[in-house]
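Here is a walk through a single protein model, taken sheet by sheet and then into the packing. Have the viewer open and follow along.

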Amino acid sequence: MAILEANHIEKHFGNTKVLKDVSLELDEGDTLAIIGSSGSGKTTLLRCLNFLERPDHGTISVRGEKLFDAAWTLKEQEKDLRQKRLHFGMVFQSFNLFPQYTALENVMLAEQLLAKEQPDFKQNKKKLYSDIEAHGRILLAQMGLSDRMDHYPHQLSGGQQQRVAIARALALNPDILCFDEPTSALDPELTGEVLKVIRSLAENKTTMVIVTHEMSFARDVADQIMFMDGGVVVERGPAKQLMDHPQEERTKKFLSRYTQG
């Protein structure tokens, strides 16, 4: 059964149709890489899946539960919106860390805010915060940052900051982890360390949607690749099959840029 289903998603900005009848399914434990030229609608689709943008048409379901339907009233669409977003962890191009907090504090923050909403928070605050800190330390250790937990963002390299951002996205145990060009803001020598972490997550069967321009990485790590162009899904298939034997001319033309020379 698909963990994520998005059907007939459309998104307009003014008179510009950015997404045109886009549908996708994602099975639990699989990684979907979305590729395409700048302006093809990749990031907008990801933002719609995370409810950071409101689609003008279509439905979004997670684990069989419909979370969004464009036919609903605005009040229905926005009901429990924060709770719906908890199904997704989002890692942005720019790391979006809070500069006044250490790496560990950045990772702990969302869990601490949720803990405060628990009815027994005051009685159990000490234990709750202790558990959250332990969880944050485990996540940062998984990112290879055991020796950087007390560093502030300005004391970290771009690659380290992005790994903190990944740990933060994992902190609330989302069903689906989403990446929007996670290495585009990094120098080439720092890209590898972030891709290594994402590769490890894929090997551990973390369900992921990755918008990326790293073609060889997409081929080697993703289970499925979806090529978008002009706001539509041109082609989708098993990663190696689509990369090595694309069926559509638009896909062939796009991929040829990465194989020439």
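## Strand 6 and its neighbour

Let's start at strand 6, where F88 and M90 point one way while G89 and V91 point the other, and all of them are buried. Keep in mind that this is a predicted model. Strand 6 runs parallel to strand 7, and four bridges join the two.

Zoom out, and you'll see an open sheet of six strands in the order 6-7-8-3-9-10, with mixed pairing. Its edges are strand 6 (88–91) and strand 10 (232–238), each of which pairs on one side only. On average, neighbouring strands here are turned by 15° against each other, direction ignored.

Further along the order, strand 3 (residues 31–35) and strand 9 (residues 224–229) run parallel and are joined by four bridges. L32 is bridged to Q224 in strand 9. Helix 7 lies across strand 3, strand 7 and strand 8 (208–211), and runs at about 150° to strand 8.

Strand 1 (residues 2–13) pairs with strand 4 in the antiparallel sense over five bridges, and E10 finds its bridge partner in H57 of strand 4.

Is T44 buried or exposed? Its relative accessible area is 14%, so T44 is buried, given that the cut-off is under 20%. Leaving out residues up to four places away in sequence, T44 touches K11, F13, V18 and L19.

## Helix 4 against helix 5

Now for a helix pair. Two packed helices are described by the angle between their axes and the distance between the axes. The axes of helix 4 (residues 103–115) and helix 5 (residues 121–142) come within 9 Å and cross at roughly 145°, and the crossing is right-handed.

Which residues of helix 4 meet helix 5? On the helix 4 side they are A103, L104, V107, M108, E111, Q112 and A115. Across from them, helix 5 brings F121, L128, Y129, I132, E133, H135, G136, R137, L139 and L140. Sorted by class, this contact has eleven nonpolar, three polar and three charged residues.

In soluble globular proteins, nonpolar side chains tend to be buried together. In this model, the largest nonpolar core has 38 residues, and L140, I166 and F179 are the ones that touch the most other members. Helix 4, helix 5, helix 6 (158–170), strand 7, helix 7, strand 8 and helix 8 (215–221) are the elements that give two or more residues to this core. Helix 7 provides the largest share, with seven residues.

Pick out I166 and you can see how it is surrounded: leaving aside neighbours within four places in sequence, I166 is in contact with V91, M143, F179, V194, V197, I198 and L201. Another core lies apart from the largest one and has 27 residues, L24, L32, F88 and I176 among them.

## Two loop residues with positive phi

F51 is not a glycine, yet its phi is positive, near 65°. You'll find F51 in the loop between helix 1 (42–49) and strand 4 (57–62). At 5% relative accessibility, F51 counts as buried.

What about the phi of E181? It is positive as well, at about 45°, and E181 is not a glycine either. E181 lies in the loop between strand 7 (176–180) and helix 7 (188–203). With 12% relative accessibility, E181 counts as buried.

Notes:
Residues numbered from 1 in each chain as written. Predicted model: local features only at pLDDT ≥ 70, side-chain atom pairs only at ≥ 80, totals over all residues. Heavy atoms only, no water. Buried < 20%, exposed > 50% of the residue type's maximum accessible area, 1.4 Å probe, protein only. Pairing = 2+ DSSP bridges. Axes fitted to C-alpha atoms, helices over the stretch in contact; angles between N-to-C directions. Left-handed = near helix turned anticlockwise from the far one by under 90°. Contact = heavy atoms within 4.5 Å. Nonpolar A, V, L, I, M, F, W, Y, C, P; charged D, E, K, R; others polar. Core = buried A, V, L, I, M, F, W, Y, C linked by side-chain atoms within 4.5 Å.
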